Amino acid sequence: MEKYVTETVVVGVVSWTSAFVIVRRLFPKRSFDFCNRLVSTLHATLAVTLAWLSIEDWRCPICGVGSKSSPQQMQVLAVSLSYLIYDLACCHFGERVSLDNTVHHLVSIVGIGAGLFYQKCAAEMVATMWITEISSPFLHLRELLKELGYRDTPLNLAADILFAAIFSFARMLLGPCLTYVTLSADYPLLIKAMALGLQLVSAFWFFKIVRMIKRKLSKRA
C-alpha cells in the first residue's frame, strides 16, 4: 500500500475521532449516539462530494474496469476507510451495536483495504461509496429527529420515506448493476467476495426497511 494512503488513513482516524470529541463538547446534553450520527452525517456528505469530484469521465463514470487506480481515487477511498475504522470502534462504545452493522463495516473495511492494496477496482469502489452513502444523511436524520422530540410526527415519517426511497433506488437498482460489473471483471477473489457480501447486506437491510415503512404507514392509517 502506498505511503500516502497509509498516512491518509491514520490522519483520517485521528480527525474523525477529534470531530466526535468536539461534537460531544458542543452538545454535552445529547446522547453518545446523537453525536456520532452528526459525525457520520458529515462523513456521508464528504464521501458523496469526493466521489462526485473524482469522476474523470461523466459519459462513463465507471469506465476503466481493471485499470490501475488513480491517486485521487485512492485518497477518496482512504478517507472513507479511516471513517469506517473510527465508526466501527465508536459503535462498540455506544448503544447501537448490531451484528448486521458490524458485518457491514467489516466487509467495507476489508473490501476497500483490498482495493487499496491491489490498486485496482477504484472506479467501482468510489461508485459503491457514492451508492452506499447517498442515503446515509437521511438515515441519521431519522434518528436525530427522534432525539430532538419529533418521534412519530409527519416530519419524521417524511424522513423515513425519503430514506427508504433513496436507499432502495441506490442499493437495489444501481447496486446490483455495479456488483455484476465487479464480479464479471478480472479482479482478485477477495474483492469479488466483498462486493457480493456488501450487496447481500444491502438486500437484508432493504427488506427490514420495507417492513419498517409498512408498519409505520399502517400505524398512521
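User: Hi! Which ring does Arg 30 lie over?

Analyst: Hello! In this predicted model, Arg 30 sits over the face of Phe 34, at 5.4 Å from the ring centre.

User: Nice. And how many aromatic pairs are there in the whole structure?

Analyst: A search of the whole structure turns up eight aromatic pairs. One of them is Phe 20 with Tyr 86: the ring centres are 6.5 Å apart and the planes are at 50 degrees, so this pair is tilted.

User: Is Phe 20 buried or exposed? And what about Tyr 86?

Analyst: Phe 20 has a relative accessible area of 10%, so it is buried. Tyr 86 counts as buried too, because its relative accessibility is 5%, and the cut-off for buried is under 20%.

User: Which residues do the ring pairs link into a cluster?

Analyst: The cluster joined by ring pairs holds Trp 16, Phe 20, Phe 32, Tyr 83 and Tyr 86.

User: Switching to the surface: which residues form the nonpolar patch?

Analyst: That patch is formed by Val 110, Phe 117, Tyr 118 and Leu 190, and together they have about 370 Å² of accessible area.

User: Which helix gives the most to it?

Analyst: Helix α4 (residues 99-118) does, with three residues. Leu 190 is found in helix α8 (residues 189-220).

User: How exposed is Leu 190?

Analyst: Leu 190 is partly exposed, because its relative accessible area is 37%.

Technical notes. Residues numbered from 1 in each chain as written. Predicted model: local features only at pLDDT ≥ 70, side-chain atom pairs only at ≥ 80, totals over all residues. Heavy atoms only, no water. Patch = residues over 30% accessible without salt bridge, like charges linked within 9 Å, V, L, I, M, F, W, Y side chains within 5 Å. Areas by Shrake-Rupley, 256 points an atom, 1.4 Å probe, with all protein chains shown as cover. Salt bridge = Lys/Arg side-chain N within 4 Å of Asp/Glu carboxyl O. Helix = DSSP H or I, 4+ residues; strand = E, 2+ residues; numbered from the N terminus. Buried < 20%, exposed > 50% of the residue type's maximum accessible area, 1.4 Å probe, protein only. Phe/Tyr/Trp six-rings, centres within 6.5 Å; stacked < 30°, edge-to-face > 60°. Lys NZ or Arg CZ within 6 Å of the ring centre and 35° of its normal.
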